Amino acid sequence: MAAFLYRLGHWAARRRGLVVLLWVAVLAAVGVGGLTAPGASKGDSSMPGIESQQAYDLMQERFPGTSADGAGATVVFVAPNGQKVTATDNRAAVEEAVKSLSTGAQVASVADPFESDAVSKDGSTAYATVTYTVSSDDVTDASRTAVNQAAGQARAAGLTVETGGSAMEAHEGLSGVAEIIGISVAAVVLLITFGSLAAAGLPLLTAIVGVAVSLFAIMLLANPLGLSSDTSTLGMMLGLAVGIDYALFVVSRYREERTRGRSPKESTGRAVGTAGSSVVFAGLTVVIALAGLSVVGIPMLTQMGLAAAGAVAIAVLAALTLVPACLAFWPDAVLSRSARKALKHGRHTQAATIPTVPADGEAPEAGRGNLGTRWARFVLRRPLPVLILGVLGLGALAVPAASLQLGMPGDEAKSTSTTQRRAYDALAEGFGPGFNGPLTVVVDAKGAPDPEAAVNAISEKIAHTPGVVSVSPANLNQAGDTAVFRATPTTSPTDAKTKTLVTSIRAERPALETDTSATFEVTGTTALNIDVAAKVQSALVPYLIVVVGLAIVLLLVVFRSVAVPLKAALGFLLSVLAALGTVVLVFQQGHLASLFGVQQTGPIMSLMPIFLVGIVFGLAMDYEVFLVSRMREAYTRGESARQAVVSGFRHSARVVVAAALIMIAVFSGFVTENGSMVKMIGFGLATAVLLDAFVVRMTIVPAVLALLGDKAWWLPKWLDRLLPRVDVEGEALDHHPEEQAPAPDHSEREPAQAGR
């Protein structure tokens with residue numbers, strides 16, 4: 001692989017104009033196509049294989065012309081100063097608002113609260129339900145404005161009015177603050193790391209180009225493939241993070257090769273051949289992990305995973321072609337000031353070939369070395385205490401994950417400054433906490449001798465189930481063989497008791513089916529969230545086994561070692577569990593919640609654990625490959641196992657730290673977004689990268705390798721023969737004829753300094 005990528009880097013440098021032109025052409029093509037393409041649809045929100053989805057499908061089949069998940073708006077009226085909404089003036093204001101709501105072009109019907117029994121027992125609160133003829137994605141701004149105007153009329157009459165419901169959810173994109181924060185911090189980190197504006201700007205430039213291509217491509221494919229408007233969020237988040245990091249590693253290796261006296265083109269080829277090999281393997285792990293999300297069987301998750309995988313693949317391609325092309329345009333600008341000065345005077349800091357290592361295995365270095373070298377030596381002197389401390393620390397953070405509760409945050413998780421949250425609170429106060437999460441029961445009485453009697457029997461039984469406040473009258477279809485009614489729980493939608501209630505109601509089905517010859521299914525938003533959480537939870541362990549197994553196989557091929565893959569997989573599990581525990585601490589238990597703008601604690605988003613496993617797996621393997629490949633490179637060239645750890649840190653620690661800080665900055669920026677899902681994902685990923693990069697890869701990894709010594713690189717001979725040989729360290733390039741830089745002026749040449 002190293003030889004092939006070396007030739008690719010050479011070609012990109014030689015044909016730099018063509019490469020840049022091709023990228024510009026692709027960007028222009030997908031840009032025009034994406035901007036002119038129809039907007040993203042709601043996407044496939046179905047959840048195959050769960051009872052809630054089956055009930056939705058049955059409703060659509062037996063109640064033609066209605067939509068099980070159609071748009072609706074709820075307008076909540078609260079009387080002032082202890083008055084009642086049934087008072088003459090207040091009632092007139094409510095009825096006037098209902099009349100205004102009925103005039104909307106997309107409105108199918110409006111339920112008057114005084115006719116639909118939608119007034120609280122104490123008379124303080126009432127609500128009107130607006131049903132639309134279109135889905136929530138197709139509700140126009142004019143329809144939302146009409147609701148707000150009607151609410152404004154009632155407010156003018158002295159009532160407190162709040163609005164909620166799916167129709168009032170304006171699907172807004174990202175604010176742009178996250179991207180600005182991420183790019184700004186990345187620029188500062190790159191500038192500090194490289195000491196050169198050009199070197200700092202190049203990874204940012206190529207990453208932005210890659211992300212732009214990805215986002216325009218998603219926009220172009222959104223309508224024909226049914227991608228949701230949320231699909232681009234994860235693609236942007238990951239594409240920007242890995243795009244900067246992958247370019248960073250190539251640029252860093254290029255600078256290193258230049259200081260060894262090699263020509264710009266030769267340095268470019270070797271940078272792509274060595275660091276590029278690591279980029280390919282690291283990117284491959286991310287792509288496979290994200291594409292593997294499709295095994296869960298949730299279409300929305302599959303869409304987001306594949307879109308993000310495409311963004312990562314484009315980032316890899318940019319690092320292998322666009323970065324070397326740009327390096328060829330500015331071969332010296334990306335070097336530090338001291339390196340440019342040395343080149344100007346015909347000096348370089350290291351020999352063009354790596355020096356041999358004495359028989360004792362210790363590198364011929366003097367001095368303290370850089371910070372990475374000093375840290376590695378510190379860990380090597382105390383490997384066992386460092387290992388124990390790191391494992392115990394991550395284990396402590398992972399403990400809260402044992403109390404993980406999965407669900408889907410709703411209006412209760414929004415800021416109290418939003419009308420949706422205030423409407424939620426007003427309904428909960430006026431009608432009870434379970435009012436915001438009613439259960440929809442769909443009765444299939446097609447095989448019953450008396451369908452109406454069967455429906456009544458099922459409705460009465462569910463009404464007497466502990467935990468049910470009330471049951472609405474059943475609504476039969478025209479054929480008279482299917483009915484729908486609502487059961488209101490005593491507890492809120494996210495309460496664990498509501499989940500128990502759903503289980504209890506479903507447990508009554510066999511007996512009722514025997515007695516009535518009819519069956520029923522429980523659905524609704526609350527039941528749907530419970531079913532999705534259960535499905536994701538059941539898929540989490542198999543998915544974890546798949547990705548961990550994949551990690552072991554890939555790292556076996558890359559490092560030709562048994563211990564290194566096992567250690568990497570265990571470290572990955574530690575970092576994932578610790579990150580998940582931290583998410584539970586903040587978003588579920590509420591510790592430091594206000595610091596991160598979390599308005600309401602509750603269950604963790606159902607898809608969060610699976611996202612965390614898939615994404616962190618790829619990112620963890622990034623750092624493992626980048627850091628340990630330099631150790632492997634040093635070991636295969638004659639250094640002792642312990643000294644190889646020091647060499648790996650000397651060459652890679654600074655760049656890995658910079659890459660981790662950039663990823664943390666990019667992901668942390670999304671914590672500033674208003675959407676609870678985006679906020680939670682951003683926080684979880686930033687925490688996972690922090691723990692994996694600094695605790696696992698930079699601390700636990702060198703400690704384990706120090707304890708294992710040469711055994712860390714042991715591989716059975718029979719397995720060595722079976723595994724394909726992939727040259728990630730660039731051994732093949734040692735025998736490759738290289739293009740040398742012009743011969744330096746030896747009269748001015750200074751002795752090379754070790755460790756520079």
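## Surface patch

L384 is partly exposed because its relative accessibility is 45%, where partly exposed lies between buried (under 20% relative accessible area) and exposed (over 50%), with a 1.4 Å probe and protein chains only. The model is predicted: local features need pLDDT of at least 70 and side-chain atom pairs pLDDT 80 or more, while totals for chains, interfaces and linings use all residues. Residues are numbered from 1 along each chain as its sequence is written, and side-chain values use heavy atoms, without hydrogens and water.

L384 lies in helix 13, a DSSP run of H or I with at least four residues, numbered from the N terminus (strands: E, at least two). Together with I388, L392 and L707, L384 makes a nonpolar surface patch of about 380 Å². Helix 13 (residues 383–398) supplies the largest share of the patch, 3 residues.

## Salt bridges

The structure contains 23 salt bridges, each a side-chain nitrogen of Lys or Arg within 4 Å of a carboxyl oxygen of Asp or Glu. In one of them, R422 pairs with E162, with the closest N and O atoms 3.0 Å apart. R422 belongs to helix 14 (residues 419–431) and E162 to strand 4 (residues 160–164), so the pair ties together parts 260 residues apart in sequence. R422 is partly exposed, at 33% relative accessible area, whereas E162 is buried, at 10%.

D720 and R560 also form a salt bridge (2.9 Å, N to O). D720 sits in helix 23 (residues 717–722) and R560 in the loop between helix 18 and helix 19, 160 residues apart. D720 is partly exposed, at 24% relative accessibility; R560 is buried, at 8% relative accessible area.

Conventions
Patches are made of residues with over 30% relative accessible area and no salt bridge: like charges are joined within 9 Å, nonpolar side chains (Val, Leu, Ile, Met, Phe, Trp, Tyr) within 5 Å. Accessible areas come from the Shrake-Rupley method with a 1.4 Å probe; for residues, only the protein chains shown count as cover.
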